[in-house]
Amino acid sequence: MINRRPRLTSLALSTALTRTALTTLRAKASGGPDLHRENYAGRTVDLYAGPAVGVATTLTAARIHPAAALAVATAGACGAYDDIAGAGDPRRGFRAHLTALRGGEVTSGAVKLFGISAAALLAGAVLREKALDKVLAGVVIAGAAHFVNLVDVRPGRAAAAVIGLGVPGMLRKGPGGELAAAAVGAAAAVLPDDLGERSMLGDTGAHALGAALGAAVVAGNGRAGLVAHAVAVVAAVCGDSVTAAARTEWPDDATAVARRVAGLVVGSPV
């Protein structure tokens, strides 16, 4: 019989920490950087959901495995840097930031790209034993972090995608299931505010949630699963095609989006 208690504990803890952090951040908001943005519809929303998700998911992941917490915390921190330092930068996508880097300009997007990749590779090296698995693990964690950020183009899409991908992963026992539960709990906690256009995840929350999902994959799969997920995330994040598809082809309904995202990893639950 599978013991579901650790996963339910991670789910509940992550949800409670996220809601507490979101409420606290809003109550104490004064001074510091401006954490309000205009969304796609021109409505002003806050970015507090991002830090709330990042902190809660990191703390929950720390109970499960320090390396996973490192990946989540770094992904969230790099996303926060881009949310603030890159707020006025219209450039989007890896290609634009790498082009700027070749010209001698280090953009916030480039910092995010290399920072998350380094942390993911380090976490992968700790989580897995064999050399190839370490590299695959790093690719999965970094790729998942960037993928969730890429689908965050409309209210609720990223959170719904995380829930759609994470719930099947919660069926796994051990650290993989617990890490998936941590991501699902945090995403579920902010989904109402995200859908209601009161708050948005921003790069901070999207990258943190994606890194948590990636760590869940690494902790819960063998080599075949790592290869399948690595191929899926690389295919998804290469170029700007995912962002373009999300803007023009994906339905606005968050549940439908979650189903579409889950289809990227056919027959291989997180």
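**Exercise 1. Is Lys112 buried or exposed, and with what relative accessible area?**

Step 1. Lys112 has a relative accessible area of 9% and is buried. Here buried means under 20% relative accessible area, exposed over 50%, and partly exposed in between (1.4 Å probe, protein chains only).

Step 2. A word on the model before going on. It is predicted, so local features need pLDDT of at least 70 and side-chain atom pairs count only at pLDDT 80 or more, while totals for chains, interfaces and linings use all residues. Residues are numbered from 1 along each chain as its sequence is written, and side-chain values use heavy atoms, with hydrogens and water left out.

Step 3. Now look for a partner: the side chains of Lys112 and Asp82 meet in a salt bridge at 2.9 Å, N to O. Lys112 lies in helix 5 and Asp82 in helix 3, so the pair ties together parts that are 30 residues apart in sequence. A salt bridge is a side-chain nitrogen of Lys or Arg within 4 Å of a carboxyl oxygen of Asp or Glu. Helices (H or I, at least four residues) and strands (E, at least two) are DSSP runs, numbered from the N terminus.

**Exercise 2. Find which residues are linked with Asp193 in a network of salt bridges.**

Step 1. Compare the cover: Asp193 is buried at 4%, whereas Arg19 is partly exposed at 31% and Arg198 is partly exposed at 44%.

Step 2. The network links Asp193 with Arg19, Arg26, Asp46 and Arg198. Searching the whole structure gives 8 salt bridges.

**Exercise 3. Work out what the buried residues of helix 2 pack against.**

Step 1. Helix 2 covers residues 49-64. Its buried residues include Ala49, Gly50, Val53, Thr57 and Ile64.

Step 2. These buried residues pack against helix 1 (5-27), strand 2 (44-46), helix 3 (66-85), helix 8 (175-195) and helix 9 (202-220).

**Exercise 4. What is the mean pLDDT of the chain?**

Step 1. The mean is 84, and 78% of the residues reach 70 or more. pLDDT is the predictor's confidence in each residue, from 0 to 100.

Key: The expected span of a helix is 1.5 Å times one less than its number of residues. Contact means heavy atoms within 4.5 Å.
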